[in-house]
Amino acid sequence: MMRGLISRGTAVADQPMSNYTSFKVGGPADLLIVPGDAEELSEIVGACKREGIEFYIMGNGTNLIVSDKGIRGVVIKICENFCAYSIEQNTVTAEAGMLLSRLSNIALQNGLAGMEFASGIPGTLGGAVSMNAGAYGGEMKDIIVETEYMDREGNFGSIKGEAHSFGYRTSAIQEMGCIVIRSVIRLREGDKACIKACMDDFTKRRRDKQPLEMPSAGSIFKRPEGYFAGRLIEDCGLKGYSIGGAQVSPKHCGFIVNTGNAKASDIICLIEHIKSQVGLRFGVNLQTEVKILGEQ
């Protein structure tokens, strides 16, 4: 039934999610759909609602752990077909599937400053807006002025300004469980050389301090108030600690990496072990920044 709705996108059954996540783990999804456009997405979401089919939204899979048993239901991937953008003076309007790295480079090419912090964040605009992604002192809340979204029934809506209710790794979009379609980004005129120098500096810092050469999902834990998660984990003596193929990165303890043969269960067990040890030693309850999906 669901495949019959797809005319502009693609739908494939029993797809291993390890092929679609940066951690390179995860069992099969019953059905993976890549919608062709927003209208087709609305039809798919509406059909899932009517038929009582559970569905999950993903972008580039960089902030996601899918269980070894996979996902029962429909996974809707919003990436490749949602990459249109337009620029008017210092304002960029871009669709949710646009990679932040590409969008940051587009801003650079047009002499627009304000997105430098996002140049090394590996996910899509939609995911970044939903979770108010940030790095090096910048967050999406600093540049997002309007967002068109879709609710869980396939209806379109929009919010502006403070209605986004951006907080630390959260937003109104996330709290409502809605899907970002496109956002309006307000930047400022800048010198291309200065913008590039800033982006290059952030790139060097990432390469020096983060295990970018290994499969991971970036920072696993949110920053606990008054602490740094990586420091707490290191102070627990967990640097390099492994369960199966999952390892606390020796380069940055805030990262868990797949050393080559990790299962999702290894990563999840390691997350729970870290939370337990940090809680016992420091009384701090670490909260995950990554999403864990699928049949347990």
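Visitor: In which sense do S1 and strand S2 pair, and over how many bridges?
Guide: Strands of a sheet pair through backbone hydrogen bonds, either parallel or antiparallel. S1 and S2 (residues 28-34) pair in the antiparallel sense, over 6 bridges. Here strands are DSSP runs of E, at least two residues, and helices are runs of H or I, at least four, numbered from the N terminus; two strands pair if DSSP finds at least two bridges between them. One thing to keep in mind: this is a predicted model, where local features need pLDDT of at least 70, side-chain atom pairs count only at pLDDT 80 or more, and totals for chains, interfaces and linings use all residues. Residues are numbered from 1 along each chain as its sequence is written, and side-chain values use heavy atoms, leaving out hydrogens and water.

Visitor: What is the order of the strands in the open sheet?
Guide: The order is S1-S2-S5-S3, with mixed pairing. S1 (10-16) and S3 (55-58) stand at the edges with a single partner strand each, so one side of each has no neighbour in the sheet.

Visitor: Which helix lies across S2, S3 and S5?
Guide: That's H1 (residues 38-51). Just after H1, glycine 52 takes a positive phi of about 70 degrees.

Visitor: Is serine 67 buried or exposed?
Guide: Buried means under 20% relative accessible area, exposed over 50%, partly exposed in between (1.4 Å probe, protein chains only). Serine 67 has 3%, so serine 67 is buried. Serine 67 lies in the loop between strand S4 (64-66) and strand S5 (71-77).

Key
Contact means heavy atoms within 4.5 Å. Axes are lines fitted to C-alpha atoms, for helices over the stretch in contact, and angles run from 0 to 180 degrees between N-to-C directions.
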